[in-house]
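Morning, everyone. Let's take a quick look at today's structure.

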Amino acid sequence: MARVTVQPSPPTSLRSGGGRVRSAASADRREGWLRRLPLLPALIYVILVTQLPFVLTIFYSVQSWNLLSLAPARFIGLRNYLDILNDPSIRIAIWNTIVLTICAVAISVALGVAIAVLLNREIFGKGILRTLMIGPFLVMPTAAALMWKDTLLNPLTGFVNYLLTPIGLGTFDFINRFPMASIVAIEVWRWTPFMMLIVLAGLQSQNQEVLEAAEVDGARPLQMFRYITLPSIRPFIELGALLGSLFIVQSFDTIFMTTQGGPGEATTNLPFKLYLEAFQAFDIGRASAIGVLAVILTMIVATFALRTLFSIFQVEARR
Amino acid sequence: MSVQAGRTQRGKAVASKVGWSALAWLVAIVFFFPVLWMALEGLKTEVQAASIPPTILFTPTLSAIQEVLSRDFPPYLINSASATLGSTLLVLVLGLPAAYALSIRPVKRTRDVLFFLISTRFLPFAASLVPLYILARNLHLLDNIMALVIIYTTINLPLGIWLLRSFMLELPHELVEAARVDGASMRHELTRIVIPLITPGIAATSLICLIFSWNEFFYAVNFTSSIAATSPIFLVGFISGRGLFYAKLAAAATLASLPVLLAGWIAQKQLIRGLTMGAVK
C-alpha cells in the first residue's frame with residue numbers, strides 16, 4: 001500500500017548566497033506553492049466556517065448580549081463563565097452528557113462485539129442479517145425517536161408495552177419514569193449496528209491460519225477469543241468507541257423528539273442546554289460561554305480520540 | 001465406529017449451525033423490528049395503527065402515505081434533497097483537489113493538515129453555532145437553503161477529504177508517474193487520471209454526505225423555519241400530536257428515512273469505509 005512520504009526540505013541556511021542556488025530555492029518555493037494550491041480552497045473554507053466563528057464565540061462569551069432585549073452588547077469580562085459555572089443546571093447538563101455518552105457507548109460496544117462475533121460464525125443468511133442489522137443506524141434519528149415514543153414505548157398503545165403486559169408493564173410509562181435509561185436505550189439501538197459493522201470488518205480481516213493452528217493445538221473457543229481474537233480486533237473496537245463517543249456526546253435529535261430535556265432537567269445534556277440558551281432564551285453571551293466550555297471538554301476527549309485514530313491509520317499503512 | 005463418530009460430529013456441526021443461526025436471526029429481528037414497525041404502521045389506517053392489541057394482520061393501505069404527500073410534506077423533501085445535493089457537490093469540488101494535495105503530490109506537513117481537518121469535524125457545534133446564527137441572520141440567510149448547504153459542507157468536508165485521500169493512496173504509483181512523465185499538468189492528472197480511477201471513493205464520499213446531511217437535525221431546526229425547512233422538521237410537527245396520527249407519522253417517518261436506508265443498504269461496503277474515514281476497509 002502506498003504511503004505518504006513528506007518530502008524533506010533542504011535546510012535553507014546552506015543555500016543562501018549564489019544566484020543559481022537562490023533560483024533553485026525560489027523554484028523550490030514555487031513548487032511548494034503549486035502543491036499547496038489544490039488544498040487551499042478547502043482549507044480556507046474550513047477556516048472561514050469553523051475557526052473564525054470560534055474566535056467570535058470567545059468574543060461573544062465575554063459580552064452581555066441578549067437578542068430579545070434592546071440593550072446593546074457590552075463587555076462584562078468573565079461574568080458569563082462565573083454564572084454558568086455556578087449554575088446547577090449546567091452541572092446537571094454536563095453530568096447528563098457524561099452519563100449518556102459513557103452508558104450508550106459502553107453498552108453499544110459490548111453488544112456490537114457480541115453480535116459481530118455471532119454474525120462472523122457459520123450461519124444461514126449472513127448477508128440478509130447484516131442488512132437487517134444496519135437498519136437502525138440508517139433510519140432518520142428524528143423519525144426513529146418519534147416512533148419509539150409514540151408507537152413502541154407508549155403506555156397506551158406501545159408495542160413494547162403490549163409485549164410486556166404479561167409481566168404487568170402494559171401501561172408502564174418508560175420514557176417518563178426512566179427518561180435517561182430510555183434515551184440510552186434508543187441511542188444503543190442506533191449505535192450498536194455501527195459498532196457491529198466496524199468490529200465485523202475487524203473479525204473478517206483476522207488471520208485465519210493462526211486461528212486454525214490454535215484449534216489444532218487444542219485451544220478452547222473461549223481461550224481463542226480471549227487471547228487471539230480480542231487482541232486482533234482491539235483497534236477496531238477502540239475506533240468504534242471513539243467515533244461513537246464523539247457523535248453521542250453531541251446527541252440532540254432523540255432528546256428533542258422524545259423528552260425535550262425533561263422531565264425537569266433529567267435528560268438535558270449540553271447540546272440541549274445550548275439550544276435552550278441560544279434559541280429559547282436568545283442569550284448570546286451565555287450560550288457562547290457554554291460553547292467555549294463544551295469545546296474545552298470535547299478537546300480533552302478528542303485528543304485521545306485523534307491519537308488512537310492516527311495509530312490505527314499507521315497500522316493500516318504499514319500493512 | 002469411526003464412521004459413526006464422524007457422522008455424529010457432522011450432526012453436531014449442523015445442529016450448532018442451526019442453533020447459532022436461530023440466535024442471530026432473533027437478535028437481528030429485535031434490532032430491525034422498530035424499522036419494520038415504522039413501515040407497517042405507515043400502511044395501516046389510523047384506527048388500526050393505534051389499536052390495542054396491536055394490529056398484526058391487515059390489508060395494507062396507501063391512504064396515510066397519500067395523505068402526508070398530498071399535504072405539505074413534498075416541499076420539505078425537496079428542501080432536504082437540495083441541501084444534500086448542494087453540499088455533496090461542494091464537498092467533492094473542494095475535497096478532490098485537497099485530497100490530491102494530501103496524497104499524490106503531498107504538501108509539506110500533510111499530517112498536520114489532516115489532523116487539523118479532522119479536529120474541526122469533532123469540534124462540537126457549540127463552538128461556532130452562535131456566530132454562524134448571527135451571521136446568517138445579518139446576511140438574511142436564515143430560513144435559506146444556502147445556509148444549510150454551507151454548514152453541511154463544513155460537516156462533511158473533513159470526512160470527505162480523509163476518505164477520498166484513502167482511495168487515492170491506493171492508486172498504483174506507476175500510473176500517476178507515467179502521466180507526469182508525459183507532461184500532464186496537475187489539473188489534467190487529477191481530472192483525467194485520478195478521478196476516473198477513484199469512482200468507488202467518490203461514491204463512498206457521496207453516501208456519507210447523504211447520510212449526514214439528509215438526517216441532520218440540529219442546524220435544520222435552528223436555522224430554518226418554513227421556506228427552507230427539511231424533512232426532519234416536518235416530523236417535529238408530530239411531537240405534540242393530538243387525536244389519531246400514528247399512521248400519518250409512520251408514513252412520513254418511512255418516507256423521510258427511505259433515501260438513506262436504500263442508499264446505505266445498496267452500498268454496504270462503502271458504508272463501513274466511509275464511516276471510519278477510510279480506516280476500515
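How many residues of chain A are in contact with chain B, and how many of chain B with chain A? On the chain A side, 83; on the chain B side, 81. Keep in mind that this is a predicted model.

Stay with the chain A side. Helix 15 of chain A, residues 284-318, gives the most to the side that touches chain B: 14 residues. What is that side of chain A made of? Count 62 nonpolar residues, 14 polar and seven charged.

Now, confidence. Chain A has a mean pLDDT of 83. In that chain, 89% of residues reach 70 or more. But look at residues 1-18 of chain A. There, pLDDT stays under 50. The model has 19 contacts beyond four places in sequence for that stretch. Where pLDDT is low, predicted coordinates should not be read in detail.

Over to chain B. Its domain assignment gives domain 1, residues 2-41, and domain 2, residues 69-275. Between the centres of these two domains of chain B, taken over C-alpha atoms, there are 38 Å.

Find it in the loop between helix 4 (73-101) and helix 5 (110-121) of chain B. Asn79(B) sits 25 residues from Ile104(B) along the chain, and their C-alpha atoms are separated by 37 Å.

Terms used:
Residues numbered from 1 in each chain as written. Chains lettered and ligands numbered in written order. Predicted model: local features only at pLDDT ≥ 70, side-chain atom pairs only at ≥ 80, totals over all residues. Helix = DSSP H or I, 4+ residues; strand = E, 2+ residues; numbered from the N terminus. Domains from an automatic or database assignment. Contact = placed C-beta atoms within 7 Å. Nonpolar A, V, L, I, M, F, W, Y, C, P; charged D, E, K, R; others polar. pLDDT = per-residue confidence, 0-100.
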